[in-house]
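Biologist: I have a model open and want to learn how to read it. Can we go through it feature by feature?

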Amino acid sequence: MTGQFDDLVVTDFGARFQGRHIACAVGRGGIGAKGGEGDGVTPVGSFRLMQVLVRPDRITFDHGDYPVGDVGLFDVWSDDPADLSYNSLQTSQSYPFSHERLRRGDGMYDVIGVLDFNLPAVTPGKGSAIFLHIWRKPRHPTAGCVAFDQGDLIHILSRWTDRSRVVIRN
C-alpha cells in the first residue's frame, strides 16, 4: 500500500501528499490494527474522504468539487456503541449518549475530514470518528485521528481530487 500521487499517505514519520512532505500527528496508540472504541490507534488501511465539515465563522477555503457542510452549534459525533446512531453526526443540545462535541473553543475541529473507517456500514464498538483535523500542537498524539497544522490541512483539502484516498500504513 504505497499510494498514488493524489493520495495522502500517512505513516508514523509524517505524511506525503502530491509530492509534499507534511508533519502530522497520529493516535497515542500509534498506527495499527484498530482494536475498538477508545484504543487510541490510528487504523491501517486505505480510506475515502466521506465529507468535510467546516466552521464557516472561522475558516473559508476553496474546496474544489466535493461538498462541504457547516459545523453547527449543537453538532456532535456519537461514539457510544450502545447508541443506534453510533459513529454518525447528530445535532442535539443535550445528546443522551457519549459523544464528541464538534464545535470547540480550541479550533481543533474548525476543519474536519470524515474518513470512511467503519462507514457507511457501522459495527458498534469497532471505532468511530476517524477524522483529519487540526492538531492541538505539533505532533501531539490524537485519540486515533490524523491531525495537521491548520495551513497544511487546508492545503491538502484544497487540492483533494476524486482519485485521492487516505492511505495509512506503518
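Biologist: How many bridges join β2 to strand β3, residues 20-22?

Modeller: This is a predicted model. Three bridges join β2 to β3, and the two strands run antiparallel.

Biologist: Which strand does β2 pair with through four bridges?

Modeller: That is β1, residues 8-11. β2 covers residues 14-17, and the two run antiparallel. T11 stands opposite G14 in β2. Here too the strands form a hairpin with two residues between them.

Biologist: How do side chains point in a regular strand?

Modeller: They alternate between the two faces of the sheet.

Biologist: How many helices and strands does the chain have?

Modeller: One helix and 15 strands. The helix, α1, spans residues 150-158. D149 caps its N-terminal end, with a side-chain oxygen 3.0 Å from the backbone nitrogen of G151.

Biologist: Which residues of α1 are buried?

Modeller: D152, L153, I154, H155, I156 and L157. Buried means under 20% relative accessible area. Across the chain, 51% of the 170 residues count as buried.

Biologist: Why call the radius of gyration in agreement with a compact globule?

Modeller: Because a compact globule of 170 residues would have a value near 15 Å, and the chain has 15 Å.

Biologist: What share of the contacts with a separation of 6 or more joins residues 24 or more positions apart?

Modeller: In this chain, 60%.

Terms used. Residues are numbered from 1 along each chain as its sequence is written. This is a predicted model: local features need pLDDT of at least 70, side-chain atom pairs count only at pLDDT 80 or more; totals for chains, interfaces and linings use all residues. Side-chain values use heavy atoms; hydrogens and water are left out. Two strands pair if DSSP finds at least two bridges between them. Buried means under 20% relative accessible area, exposed over 50%, partly exposed in between (1.4 Å probe, protein chains only). A polar contact is a pair of N or O atoms within 3.5 Å; within protein, one must be able to donate a hydrogen and the other to accept it, and residues adjacent in sequence count only if both atoms are side-chain atoms. The radius of gyration is taken over C-alpha atoms; the globule rule is 2.2 Å times the number of residues to the power 0.38. Contact means heavy atoms within 4.5 Å.
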